[in-house]
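Hi there,

Here is the structure I promised to pass along. Have a look through it first, and then read on for my notes.

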Amino acid sequence: QVQLVESGGGLVQPGGSLRLSCAASGRIFSIDAMGWYRQAPGKQRELVATITSGASTNYADSVKGRFTISRDLGKNTVYLQMNSLKPEDTAVYYCNAVLRVVLSTKTNAYWGQGTQVTVSS
């Protein structure tokens, strides 16, 4: 019923920038929040940044001042602008959306397939 499609990952040198995009599609009635999580090899998935329907944002301490999350309500799309990238930012980045589908009274969390970000010289 719902698909989250991510794009924008890749290989970048330390200090470089990347912009991730995630578009939600399907029988969506409303979106409460969207966000990005990441998982590095051998580590648990962790929150990177989230943004609510009211545009409130939340960032992991490790990315504050370097990453910016934004969204286009009309396109059901969330973006993650990543600047001053570090090798420790290397991970698979997953898009997340908390939303309600048409004819449902419940909100559920949906995940994208993930996009690899590698920061290396």
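Below is what turned up in the core, in one hairpin and among the aromatic rings.

Please keep in mind that this is a predicted model.

Let me start with the core. The largest nonpolar core holds 32 residues, and the members that touch the most others are W36, L80, M82 and Y93. At least two residues each come from β1, β3, β4, β5, β7, β8, β9 and β11, with β9 giving the largest share, six residues. As a general background, nonpolar side chains in soluble globular proteins tend to be buried together.

Next, the hairpin. β7 and β8 are antiparallel and share six bridges, one of which joins D72 to T77. Four residues lie between the two strands, and N76 in that turn has a positive phi of about 50°. On β7, F67, I69 and R71 make up the covered face, while T68, S70 and D72 lie on the uncovered one.

Now the rings. The count of aromatic pairs comes to one. It is edge-to-face, because the ring planes of Y37 and W111 are at 65°, with the centres 5.1 Å apart. Y37 belongs to β4 and W111 to β10, 74 residues apart in the chain. W111 is partly exposed, at 39% relative accessibility.

Two arginines also sit over rings: the charged end of R19 is 4.1 Å from the ring centre of Y79, and that of R45 is 3.7 Å from the ring centre of Y94.

Happy exploring!

Notes
Residues are numbered from 1 along each chain as its sequence is written. This is a predicted model: local features need pLDDT of at least 70, side-chain atom pairs count only at pLDDT 80 or more; totals for chains, interfaces and linings use all residues. Side-chain values use heavy atoms; hydrogens and water are left out. A nonpolar core is a set of buried Ala, Val, Leu, Ile, Met, Phe, Trp, Tyr and Cys residues joined through side-chain atoms within 4.5 Å. Buried means under 20% relative accessible area, exposed over 50%, partly exposed in between (1.4 Å probe, protein chains only). Two strands pair if DSSP finds at least two bridges between them. Rings of Phe, Tyr and Trp (its six-membered ring) pair if their centres lie within 6.5 Å; planes under 30 degrees apart count as stacked, over 60 as edge-to-face and the rest as tilted. A charge sits over a ring if NZ of Lys or CZ of Arg is within 6 Å of the ring centre and within 35 degrees of the ring normal.
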